[in-house]
Amino acid sequence: MKITILGTGTSCGVPVLGCHCPACSSSDPHDRRLRCSILVETDSTRLLVDAGPDFREQMLPQPFRRIDGILITHSHYDHVGGLDDIRPYCQFGEINVYADPVAREGMLQMLPYCFAEHRYPGVPKIGLHEIHAGRLLRLGDIDVMPIRVMHGQLPILGYRFGHSFAYITDMKTIDDDQLPLLQGVDVLMVNALRFDKPHHSHQLVDDAIGFARRVGARRTLFTHMCHDVGLHDEANSRLPQDIQLAYDGQQLEIENW
């Protein structure tokens, strides 16, 4: 199973418009962070997690072939603002989009023309499916387990793919009853906004490290990082050896998934 990291940034991305901090001024491509998204692929199945406003730019370097499903974490704009741009992929047929009831309702309000009973020609062909935390999905040859986490007061979804890889973004807390769904995960990708200055709905770096230790992952990669996390290489030097900042364009090969 191959994971392609399409974006690792927050809602503003990095560089932030109008900002001249070291991260936003950096020429290192590792410090450029589009909005959060990943591709999960096997030889026969291709899944996308979230389709934010950078979707088109993120997919231009990728091979153009069918998307078998889009898994939505939640309906904030930085995670679903690119759904209209999936239109070119609809030449392969209707695209199945999976979301929990809260995210489903949010998308119906945000993009009503995509889900109208009588849609005008050219809108994306979307099949919208309701899913729930703790109920296993089988999409192609990949087992997907939705996991409920809290984005402040908003319940959202993270996802475990097979046995070995889990992806969680925008988490502030997680209930104890969800932790067994992450037992045995080998590679964890999770949000870490910045090192200090607490946020009401996002983990900081120390929170994310503590969570990784609770899960017991062999390797952890941070995503959903704002410019305040600093320069990629300097931030990595402050982290434990088994924990690193992910970066846009990074690819992971997951064995024994």
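**Aromatic cluster**

I began with the rings and found that Phe55, Phe64, Tyr89 and Phe92 form one aromatic cluster. I took rings of Phe, Tyr and Trp (its six-membered ring) as paired if their centres lie within 6.5 Å, and called planes under 30 degrees apart stacked, over 60 edge-to-face and the rest tilted. The model is a predicted one, so I noted that local features need pLDDT of at least 70 and side-chain atom pairs pLDDT 80 or more, while totals for chains, interfaces and linings use all residues. I also noted that residues are numbered from 1 along each chain as its sequence is written, and that side-chain values use heavy atoms, with hydrogens and water left out.

The structure holds six aromatic pairs. I looked up the pair of Phe55 and Tyr89, which is edge-to-face, with 6.0 Å centre to centre and 65 degrees between the planes. Phe55 lies in helix H2 (residues 55-59) and Tyr89 in the loop between helix H3 (77-80) and strand S5 (95-99), so this pair ties together parts that are 34 residues apart in sequence. For these labels, helices (H or I, at least four residues) and strands (E, at least two) are DSSP runs numbered from the N terminus.

Are Phe55 and Tyr89 buried or exposed? Phe55 counts as buried at 1% relative accessibility, and Tyr89 counts as buried at 5%. I used buried for under 20% relative accessible area, exposed for over 50% and partly exposed for what is in between (1.4 Å probe, protein chains only).

Next I took Phe64 and Tyr89, an aromatic pair that is tilted, with 4.7 Å centre to centre and 40 degrees between the planes. Phe64 lies in the loop between H2 and strand S4 (69-71) and Tyr89 in the loop between H3 and S5, so the pair ties together parts that are 25 residues apart in sequence. Phe64 counts as partly exposed, at 43% relative accessibility.

**Thr42**

I placed Thr42 in the loop between strand S2 (37-41) and strand S3 (46-49), and at 11% relative accessibility Thr42 counts as buried. Not counting residues up to four places away in sequence, Thr42 touches Met1, Arg65, Asp141, Ile142 and Trp257, where contact means heavy atoms within 4.5 Å. With Asp141, the side chain of Thr42 makes a side-chain polar contact at 2.8 Å. A polar contact here is a pair of N or O atoms within 3.5 Å; within protein, one must be able to donate a hydrogen and the other to accept it, and residues adjacent in sequence count only if both atoms are side-chain atoms.

**Arg214**

I then turned to Arg214, which lies in helix H6 (residues 205-215) and is partly exposed, with a relative accessible area of 49%. Leaving aside neighbours within four places in sequence, Arg214 is in contact with Ile174, Asp176 and Leu179. Which side chain makes a polar contact with the side chain of Arg214? I found that of Asp176, at 3.2 Å.

**Sheet**

Last, I traced an open sheet of seven strands in the order S6-S5-S4-S3-S2-S1-S14, with mixed pairing; two strands pair if DSSP finds at least two bridges between them. The edge strands, each pairing on one side only, are S6 (126-130) and S14 (251-253). S5 and S6 pair in the parallel sense over five bridges, and Asn96 stands opposite Gly127 in S6.
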